[in-house]
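Dear colleague,

I am passing on a structure for you to look through, together with my notes on it. Please read the notes alongside the coordinates.

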Amino acid sequence: MPRYEYRCRTCGDTFELSRPMAQSSAPAACPSGHDDTVKLLSTVAVGGSASAPAPAPRPSGGGGGGGCCGGGCCG
């Protein structure tokens, strides 16, 4: 279930609620009991242990590519 972050306009506290997406815009009371709250925009954190393998390094030598000027002409 998604977690949404809210801020209370009365006391300034921020808090999170887990609720269904269909209720994401529903009013939320702060833990202190105030009703004047606003839903905050929050960043999305993606976690997990699977990842794509790192690309293999390109072999060096021979024809240019790389560096600030495309190879070989910088000293």
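Throughout, a residue is called buried under 20% relative accessible area, exposed over 50% and partly exposed in between, with a 1.4 Å probe and protein chains only. This is a predicted model, in which local features need pLDDT of at least 70 and side-chain atom pairs count only at pLDDT 80 or more, while totals for chains, interfaces and linings use all residues. Residues are numbered from 1 along each chain as its sequence is written, and side-chain values use heavy atoms, with hydrogens and water left out.

On the fold, strands are DSSP runs (E, at least two residues) numbered from the N terminus, and two of them pair if DSSP finds at least two bridges between them. An open sheet is formed by three strands in the order S2-S1-S3, with antiparallel pairing; its edge strands, S2 (14-18) and S3 (37-39), each pair on one side only. S1 and S3 are joined over three bridges in the antiparallel sense, and Tyr-6 stands opposite Lys-39 in S3.

As for the interior, a nonpolar core is a set of buried Ala, Val, Leu, Ile, Met, Phe, Trp, Tyr and Cys residues joined through side-chain atoms within 4.5 Å. The largest one here has six residues, namely Tyr-4, Tyr-6, Cys-8, Phe-15, Ala-28 and Cys-30, and strand S1 (residues 3-8) supplies the largest share of this core, three residues.

Taking a disulfide as a pair of cysteine sulfur atoms within 2.5 Å, the count comes to zero. The closest cysteine sulfur to that of Cys-8 is in Cys-11, at 3.5 Å, which is too far for a bond; Cys-30 is likewise in no disulfide, the nearest cysteine sulfur being that of Cys-8, 3.7 Å away. Cys-8 counts as buried because its relative accessibility is 1%, and Cys-30 counts as buried at 5%.

Finally, a search of the whole structure finds two salt bridges, each being a side-chain nitrogen of Lys or Arg within 4 Å of a carboxyl oxygen of Asp or Glu. In one, the side chains of Arg-3 and Glu-16 meet at 2.9 Å, N to O; Arg-3 lies in strand S1 and Glu-16 in strand S2, so the pair ties together parts that are 13 residues apart in sequence. Asp-36 forms a salt bridge with Arg-9, with the closest N and O atoms 3.6 Å apart. Arg-9 counts as exposed because its relative accessibility is 54%, whereas Asp-36, at 36%, counts as partly exposed.

With best regards

Terms used
Helix = DSSP H or I, 4+ residues; strand = E, 2+ residues; numbered from the N terminus.
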